[in-house]
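I opened a new structure today and kept notes as I went. Here is what I looked up, entry by entry.

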Amino acid sequence: MYPASFEYHKPPSLERALDLLTSLGSGAKCIAGGHSLVPAMKLRLIQPDHLIDLSLVESLKGIRRESEEIVIGAMTTHWHVESSPIVRSMLPSLAIAASLIADPQVRNRGTIGGSLANADPAADYPANVLALGATMICKSATETRAVAAEDWFKSLLTTTLRSNEILAEVRIPLLAARCGAAYIKVPHPASRFAVVGVAAVVTLDQAERCAGIRIGITGIGEKAQRGYLAEVALRGSSLQRREVLDASLAMSDAFDLDEDVLLDVQDKRYLCSLTMARAIHEATVAARKHAI
Ligand SMILES: Cc1cc2nc3c(=O)[nH]c(=O)nc-3n(C[C@H](O)[C@H](O)[C@H](O)COP(=O)(O)OP(=O)(O)OC[C@H]3O[C@@H](n4cnc5c(N)ncnc54)[C@H](O)[C@@H]3O)c2cc1C
């Protein structure tokens, strides 16, 4: 199906894009890689009157280190995240997550900002930004707003981004010493979206017990979420396999899951708990190696 007709704008700067967004009002939508928006427009699920193409806005692209944070511009493609030497060395689990998205065609067009603004419940970045404690920086013509990842995802395909705002960048704190991160994904065999994806960040104390843990889960509800129950159960523990598995099973039992075309609810719970246990285990191994 063809999309409904719309007017196309290609501003050269963020300021111009924000002016357009303000003056055109709620009938306007930004387009980044178009890999989620265009299919939705073709199905007429979304019918914007105006499309604001962000591809010329250089200030929204690129990856840099700023003090104790990695800053990723919203228009940075999945491929750039996956192949960035900064991300690979300092946030390796995020580089792995990006490399697991779809196929090279999608990774060369799709952007981190587009994925986070779209908030697909089976997308890969949401679990990772939750576990890594990222902050989204949103800009309007008059204001800059920082939103913690916990507060970003509201419901199915819905975030706290306002209609007059552009997601400008994602700020991710560097992993401290004795801190390790991992992302484990079970991909859907056709779309490659996550059937279940779990990101875990583990911090160990001097005695190699769990001083802190953050878990982000994708694929198990209308939005990505934190694994709070498992985090509480594991904090202070020695992260032995049995403890990790028990906490992951209890966490998965607590999710309100729907049957889907691939798995019934019990199988999905089981898959979720095993994926979570594996992510926590790999993050723990990474934390032991990062004991500087
Ligand atoms: C075949 C296929 C397989 C895929 N598999 C996976 C997968 O395995 N894992 C995964 O995570 N994703 C997957 N995706 C989704 C892909 O990662 C998309 O790139 C991503 O969801 C959207 O990014 P985009 O840059 O294409 O955004 P667009 O489609 O251009 O935009 C998506 C939404 O975000 C808004 N938007 C975009 N950028 C901004 C911004 N800077 N500020 C404000 N609003 C903005 C748009 O208005 C729109 O509402 C797949 C997509 C396809 C087509």
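**Entry 1: Arg178**

I started with Arg178, which is buried yet has no salt bridge. The nearest side chain of opposite charge is Glu208, 4.3 Å away. A salt bridge needs a side-chain nitrogen of Lys or Arg within 4 Å of a carboxyl oxygen of Asp or Glu. For charge, Lys and Arg count as positive and Asp and Glu as negative, while His and the chain ends are not counted. Buried means under 20% relative accessible area, exposed means over 50%, and partly exposed is in between (1.4 Å probe, protein chains only). Arg178 counts as buried because its relative accessibility is 17%.

Before going on, I noted that this is a predicted model, where local features need pLDDT of at least 70 and side-chain atom pairs count only at pLDDT 80 or more, while totals for chains, interfaces and linings use all residues. Residues are numbered from 1 along each chain as its sequence is written, and side-chain values use heavy atoms, with hydrogens and water left out.

What does the side chain of Arg178 join in a polar contact? I found Gln206, with 3.3 Å between the two side chains. A polar contact is a pair of N or O atoms within 3.5 Å; within protein, one must be able to donate a hydrogen and the other to accept it, and residues adjacent in sequence count only if both atoms are side-chain atoms.

Arg178 sits in the loop between strand 10 (166–173) and strand 11 (179–187). Helices (H or I, at least four residues) and strands (E, at least two) are DSSP runs, numbered from the N terminus.

**Entry 2: backbone angles**

I checked phi next. Most residues other than glycine have a negative phi. Arg178 has a positive one, near 65°. Arg44 is not a glycine either, and its phi is positive at about 60°. I located Arg44 in the loop between helix 2 (37–42) and strand 3 (50–53). Arg44 counts as partly exposed because its relative accessibility is 36%.

**Entry 3: salt bridges**

How many salt bridges are there? The count comes to 19, and I looked at a few.

- Glu58 and Lys61 meet through their side chains, 3.2 Å from N to O. Glu58 counts as exposed because its relative accessibility is 52%, while Lys61, at 33%, is partly exposed.
- Arg162 pairs with Glu143, their closest N and O atoms being 3.7 Å apart. This pair links distant parts of the chain, 19 residues apart: Arg162 is in the loop between strand 9 (158–159) and strand 10, and Glu143 is in the loop between strand 6 (135–139) and strand 7 (144–148). I get partly exposed for Arg162, at 41% relative accessible area, and for Glu143, at 39%.
- Arg214 pairs with Glu150, with 2.7 Å between the closest N and O atoms. Here too, distant parts of the chain are linked: Arg214 belongs to strand 13 (residues 210–218) and Glu150 to helix 9 (residues 149–152), 64 residues apart. Arg214 is partly exposed at 26% relative accessibility, and Glu150 is partly exposed at 31%.

I also noted a network of salt bridges linking Arg64, Glu66, Glu69, Glu169 and Arg171.

**Entry 4: Thr159**

I went back to strand 9, where Thr159 is found. Thr159 counts as buried because its relative accessibility is 13%. A polar atom of the Thr159 side chain lies 3.0 Å from the backbone nitrogen of Leu161.

**Entry 5: the ligand**

Which residues are closest to the ligand? They are Cys30, Gly34, Thr111, Asp124 and Arg192, out of 30 that surround it. To count as near, a residue needs a heavy atom within 4 Å.

I then listed some backbone contacts with ligand oxygen atoms. A backbone N or O atom of Cys30 is 2.5 Å from one, a polar backbone atom of Gly34 is at 2.7 Å, and one of Phe193 is at 3.3 Å. On its own the ligand has 970 Å² of accessible area, and the protein covers 90% of that. These areas come from the Shrake-Rupley method with a 1.4 Å probe; for residues, only the protein chains shown count as cover.

**Entry 6: a surface patch**

Last, I looked up a nonpolar surface patch of about 270 Å², made by Leu249, Tyr270 and Leu274. Patches are made of residues with over 30% relative accessible area and no salt bridge, with like charges joined within 9 Å and nonpolar side chains (Val, Leu, Ile, Met, Phe, Trp, Tyr) within 5 Å. Leu249 is found in helix 11 (residues 241–254).
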